[in-house]
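I opened this entry to keep track of what I looked up. The structure comes first, then my notes.

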Amino acid sequence: MAVREILIHPDPRLRVKAKPVADPTAPEVRALVQDLADTMYDAPGVGLAATQIGVALRVAVTDLVWRNEEGVRDLHVWINPEILWRSEETTRYEEGCLSLPEIYEEVERPRRIRVRWQDLEGAVHEAEFEDFPAIALQHEFDHLEGRLFIDYLSPLKRRLITNKLKKRFKKRA
Ligand code: NI
């Protein structure tokens with residue numbers, strides 16, 4: 001169990017495309033998931049991808065409810081997730097990201113998606129999500145491709161945000 005350092009944009013490691021997990025049941029994967037959960041709850045955030053702690057493996061965790069009800073946790077583990085289908089219908093949400101502290105911008109994405117993923121036992125699941133869960137999952141799985149939500153904004157807006165974060169986190173670089 002460990003809270004890991006979350007990489008801040010424009011750290012180049014956030015742009016690395018993550019590799020598939022060969023064996024989801026491996027002890028290293030369980031340890032990685034535990035670290036991701038600890039780091040997400042500590043932050044706190046509703047999702048965290050392995051990319052964000054500098055591990056280029058296709059693993060992410062989410063908990064979309066725990067902040068709403070005291071003591072209630074709903075941790076979900078996503079190993080080797082794939083978006084099989086995206087609706088043509090889109091929706092707009094104001095997104096934030098632990099790798100872009102205090103930056104919030106509206107992003108347009110498909111409103112519904114169908115996802116296939118594996119759990120820590122290696123079992124394969126498939127399900128459809130809509131609205132906030134669908135948006136959160138697209139955001140997290142983008143991290144595994146080396147994509148950030150600011151990539152959907154105009155180049156000018158992206159540059160302004162990048163400069164702002166560079167200035168603010170100069171000491172860490
Ligand atoms: Ni994020």
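**Aromatic rings and the nickel site**

I looked up W117 first, and W117 counts as buried because its relative accessibility is 12% (buried is under 20% relative accessible area, exposed over 50%, partly exposed in between, with a 1.4 Å probe and protein chains only). I noted that the model is predicted, that local features need pLDDT of at least 70 and side-chain atom pairs pLDDT 80 or more, and that totals for chains, interfaces and linings use all residues. Residues are numbered from 1 along each chain as its sequence is written, and side-chain values use heavy atoms, without hydrogens and water.

Next I searched the whole structure for aromatic pairs and got five. Rings of Phe, Tyr and Trp (its six-membered ring) pair if their centres lie within 6.5 Å; planes under 30 degrees apart are stacked, over 60 edge-to-face, the rest tilted. I then found W78 paired edge-to-face with F129, at 5.7 Å between centres and 75° between planes. Ring pairs join W78, W117, F129 and F141 in a cluster.

Which protein donors does the nickel ion have? I listed C97 (SG), H139 (NE2) and H143 (NE2), 2.1 to 2.3 Å from the ion. Donors are N, O and S atoms within 2.8 Å of the metal (3.2 Å for Na, K and Ca); water is not among the atoms, so sites may look incomplete. The donor spacing in sequence is C-x41-H-x3-H. I checked C97 and H139, and both are buried.
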